[in-house]
Amino acid sequence: MTSAEAFAVLIKRKKLPLKELLLFGFLPSFLKVWLYRKRGFLIGKNVSIGFGSVIIGQTVRVHDNTKIGFLTIVRATQIRLGRYVHIGSFVYIDTVDLEVGEDSEVREYVYVAGLKTPESKLKLGKRCGIFQYCFLNPTKPIILGDDCGIGGLSKLFTHGSFLSKLEGYPVAFAPITLGNNVWIPWDVFILPGVTIGDNVVVGAGSIINRDIPSNCIAAGNPAKVVKENFPTALSDQEKNAILMEIFSEFESHMKHNHFQLSKTSIPDGFSAIFRNSDRHQLIFVEKYSKLSRTLEDSVLVLNTSDPRAEEIYQSSNVAMIISIPEKERIGTSLIGEEFYRFLSRYGIRCDRLD
């Protein structure tokens, strides 16, 4: 055996897909999408794949309005990206099975890779966020439910090994599972085999090496439950006070960005018109009645469940509706998307009805 053969491996692993980068990476987005469709990839409308970025897989489904930044590699045997998914720039994803739910995002400089097994998988539910400089190791499945946020610099490892198991040292290979509504702030380390329930907040800088039950706050090294029966339900009066505070902050936000505001009272609510070169209307009501007049660029914010947003949308000329109690949205408009983005500062997210 030669010295070169001594360092050869049977299964070769390419870290950088140089061939794909050269063939596809530096093409304009529209041409890249066209060529991927010719390859058999199912790619929806209004999909954008940035300069220097590539998608590599055997079975690929990318739904409408998904965006991938520049110099990003997405590689898996099976890839499913939902509607309105956003994957930022300088992201490296290399696993066997990748599924990202609607409205989820992976921010810049996220690394998803490591030792592979047939079970290697990353699955994000709807409206999840993986933020900057995270490191995810999906040797075994990493599964996140809906509305999960993983703060920057966090690490999720599904395998840990270095010293010999035959000599008694620990070796772990096990999945990580998060339920719905889980917030992992910055610089948290989650070890193999951890399951976190629904409605959980973890303290920043924590190390999680054991399961965390639902409806609690956990923190520490190692993390322990520090508060149970969480979160505390708010009264309608408290919710309304918070909403009014959010509207006030949004008005300040728009004025800061050089919009003029005129605001008038209407039955059970108000109408706010923001002006720059055009006019944009935000209407808020706690009890719905037929609107007499709306601008072309408008959003109706409902604080009532009756009637439902979809019913109003079909019978009115409002461009977009956001239902706070039902956590639903339908339609689109410039002012509506701006306000919805502002709501996300407060953790308020909605299901799409269209």
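Residues are called buried when their relative accessible area is under 20%, exposed when it is over 50%, and partly exposed in between, using a 1.4 Å probe and protein chains only. By that scale Glu338, with a relative accessible area of 25%, is partly exposed. This is a predicted model, in which local features need pLDDT of at least 70 and side-chain atom pairs count only at pLDDT 80 or more, while totals for chains, interfaces and linings use all residues. Residues are numbered from 1 along each chain as its sequence is written, and side-chain values use heavy atoms, with hydrogens and water left out.

**Strands**

- Helices (H or I, at least four residues) and strands (E, at least two) are DSSP runs numbered from the N terminus, and two strands pair if DSSP finds at least two bridges between them.
- Strand β10 (residues 97-100) pairs in the parallel sense with strand β7 (residues 78-81) over four bridges, and Val100 in β10 is the bridge partner of Leu81.
- Four bridges also join β10 in parallel to strand β13 (residues 121-124), where Leu122 stands opposite Leu98.

**Salt bridges**

- The structure holds 18 salt bridges, each defined as a side-chain nitrogen of Lys or Arg within 4 Å of a carboxyl oxygen of Asp or Glu.
- Arg75 and Asp94 meet through their side chains in a salt bridge of 3.1 Å, N to O; Arg75 lies in strand β6 (residues 73-75) and Asp94 in strand β9 (residues 92-94), so the pair ties together parts that are 19 residues apart in sequence. Both Arg75 and Asp94 are buried.
- Lys126 and Asp351 form a salt bridge at 3.9 Å, N to O; because Lys126 lies in the loop between β13 and β14 (129-130) and Asp351 in strand β35 (residues 351-352), the pair ties together parts that are 225 residues apart in sequence.
- Lys126 is partly exposed at 34% relative accessible area, as is Asp351 at 31%, and a network of salt bridges links Lys126, Arg127, Asp147, Arg349 and Asp351.
- In Arg341 and Glu338, the closest N and O atoms of the salt bridge are 3.2 Å apart; the two residues are three apart in helix α6 (residues 334-343), and are therefore separated by about one helical turn.

**Cysteines**

- A search of the whole structure finds zero disulfides, a disulfide being a pair of cysteine sulfur atoms within 2.5 Å.
- The sulfur of Cys148 has its closest cysteine sulfur in Cys128, at 4.7 Å, which is too far for a bond, and Cys148 is buried, with a relative accessible area of 2%.
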